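Dear colleague,

Please find the structure below, together with its sequence. My notes on what was found in it follow directly after.

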2 protein chains.
Amino acid sequence: MSAPGAHASGEDSLIARYFKPLATDPGAFGLTDDAAILKALGGDIVVTTDALVEGVHFLPDDPPDTIAQKALRVNLSDLAAKGADPAGFVLALALPKVDEAWLADFARGLGADATSFGCPLLGGDTVSTPGPLMISITAFGRVPPGKMVHRSGAKPGDQVVVTGTIGDAALGLDILKRGKVAAALAGDALSRELLVGRYRVPQPRNALASAIRAHAHAAMDVSDGLAGDLAKLCAASGVSAVIDLKSVPLSPAASKALAAGAVGLAEIVSGGDDYEVLCAVPPDASEQFSRMAEVAGVAVSPIGTIIAGESAPKWLDEEGKELPLAHTSYSHF
Amino acid sequence: MSAPGAHASGEDSLIARYFKPLATDPGAFGLTDDAAILKALGGDIVVTTDALVEGVHFLPDDPPDTIAQKALRVNLSDLAAKGADPAGFVLALALPKVDEAWLADFARGLGADATSFGCPLLGGDTVSTPGPLMISITAFGRVPPGKMVHRSGAKPGDQVVVTGTIGDAALGLDILKRGKVAAALAGDALSRELLVGRYRVPQPRNALASAIRAHAHAAMDVSDGLAGDLAKLCAASGVSAVIDLKSVPLSPAASKALAAGAVGLAEIVSGGDDYEVLCAVPPDASEQFSRMAEVAGVAVSPIGTIIAGESAPKWLDEEGKELPLAHTSYSHF
């Protein structure tokens, strides 16, 4: 990515117009060079990358500013779960055509998030494609040396904690696809809007990063479904877990869809795109963790306990009956 | 990117099979976590990103190992030109289908280059796409603090130097598309093979990074055509240049195509995909730079001089006549 020189190409002028204003970090060199500089500032650099494809990760008629926000936020969510503070990102953008209005909205959404999350654009690449629009973002965070929080590290006795509410995004997608949830909430525009908003614009929990770093034994973000992601965290830690289904935090809109029978609990805990944080917090740190979460303005809910063993985590209802889960998470292949 | 847990999905098992063996750096955590750790080791981290789209940057029937090599090498080329030593990379891969044989070859090519260039896979994301295959790589390098070599910095009197030979890749693409060059070299399989090889597998000049860091006032890699890229370097430096066309280094195969009239010099100096390094070396460092290049085994050719001024660089033939250039570089839009 580079700004126009003496012989500005169409590509260079697009970049200068829409993306240069986002490159506020001195290490981005105003997008006038071939590479950026990232300073570690004495810590470790945490690197994460997530790609979004039109029709797979977002819908063609999603508003462009929300597409940009989602592309950045899914990466910010990984940084949050690793206990890292955002440091910047690079963007690879494959465009089927140049739609200036679309690009202006996309850059506006991206710029607003770059500012509010303190995660400036460092560089990128803009290419043409005969296929669907694709956005690939690699984001960087900083942690003190050796302090990245891993998937592994959960210990028997730890509380299993999740942020926010679970399942909303999957219900939002169902609404956009005019599924059962759309029908059940036909008379409730507010709930529909909330759920669609949760699908389009995740709320990454970066405000909680320092609490996770300070207190969590293990953490990951919930992107492919809570049940599957918990299974991954447990496998990486060599433990199992028992979850109390009624403790899983649901939004009023999700509760309404559940009560109406438009969706089951199994679908809620295995739906994708939550972008909440799942973590294992030792009992003696639980109070301090909750206090830090409250100060950060992030709701956290204990939903169960890590136990010894290698079996799949158990999801129990109020009568102690196990919820059968057919598919615990989303897979591309 | 993550390796399989208790409930391995298709995606996880693909990653474990093909990409985990490439994640040799301890900071990659064997692709079992949500993010990687990159240590700055007291220096600056140089970040560059380049995306390749099937049908745009490579042809659908290019061998998968060469596609992987090209995807990594175009990024390595940027690191070389910035004077940075490779530290690792992350990969976002959008696949229209799962073709195990293709993936095995792709991973083999990628792994061979990761090893030979000392640039291990740190992490990534594998997603499905209804469109063409796309590969987005973000690569990292290390330089001592403040020592990244910029596009800006060239000064009047500096020698303009390029590595390797110019124009081969564009001629190779013409051969694959059965153009004029293919016809002119119909009887010369060796030349055709060499040019096609230069299109498919660039030779990034990472062996020259320390010489560039030590001696170049300014540098960039030549990816969109030498003439356009020189214009960009001059614009960024606030200077101009005079180039001696007969000094531009050509391979025997390119010379043959030129002599046969299948291509003109203007096309050679504005064809893309060279992935050579263009740099400005002050006269008093020229001898030492050449010596270091010889030790590194990289051919370097002085092709002209940086001069004061803001006009476009001049490309002069043996009679001092200026070569007219219609399009100096490739642009996606």
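Chain A of this predicted model is divided into two parts: domain 1 covers residues 10-143, and domain 2 covers residues 159-316. The centres of domain 1 and domain 2 of chain A, taken over C-alpha atoms, are separated by 26 Å.

Where the domains touch, 17 residues of domain 2 of chain A are in contact with 19 residues of domain 1 of chain A. Which elements supply at least two residues each to the side of domain 1 of chain A that touches domain 2 of chain A? They are helix H2 (64-81) and strand S3 (85-95) of chain A. The largest share of that side comes from H2(A), with eleven residues. Sorted by class, the side of domain 1 of chain A that touches domain 2 of chain A consists of ten nonpolar, five charged and four polar residues.

I turn now to the relation between the chains. In general, a rotation about an axis and a shift along it relate two copies of a chain. Here, chain B is superposed on chain A by a rotation of 180° with 0.0 Å of shift along the axis, and the RMSD is 0.0 Å. The two copies are therefore related as by a two-fold rotation axis. In chain B, the C-alpha nearest this axis belongs to Gly131(B), at 2.2 Å from it.

Finally, why can the copies be said to meet through the same surface? Of the interface residues of chain B, 100% are also interface residues in chain A, so the same surface is used by the copies where they meet.

Yours sincerely,
A colleague

How values were computed:
Residues numbered from 1 in each chain as written. Chains lettered and ligands numbered in written order. Predicted model: local features only at pLDDT ≥ 70, side-chain atom pairs only at ≥ 80, totals over all residues. Least-squares fit on C-alpha atoms with pLDDT ≥ 70 in both. Contact = placed C-beta atoms within 7 Å. Domains from an automatic or database assignment. Helix = DSSP H or I, 4+ residues; strand = E, 2+ residues; numbered from the N terminus. Nonpolar A, V, L, I, M, F, W, Y, C, P; charged D, E, K, R; others polar.
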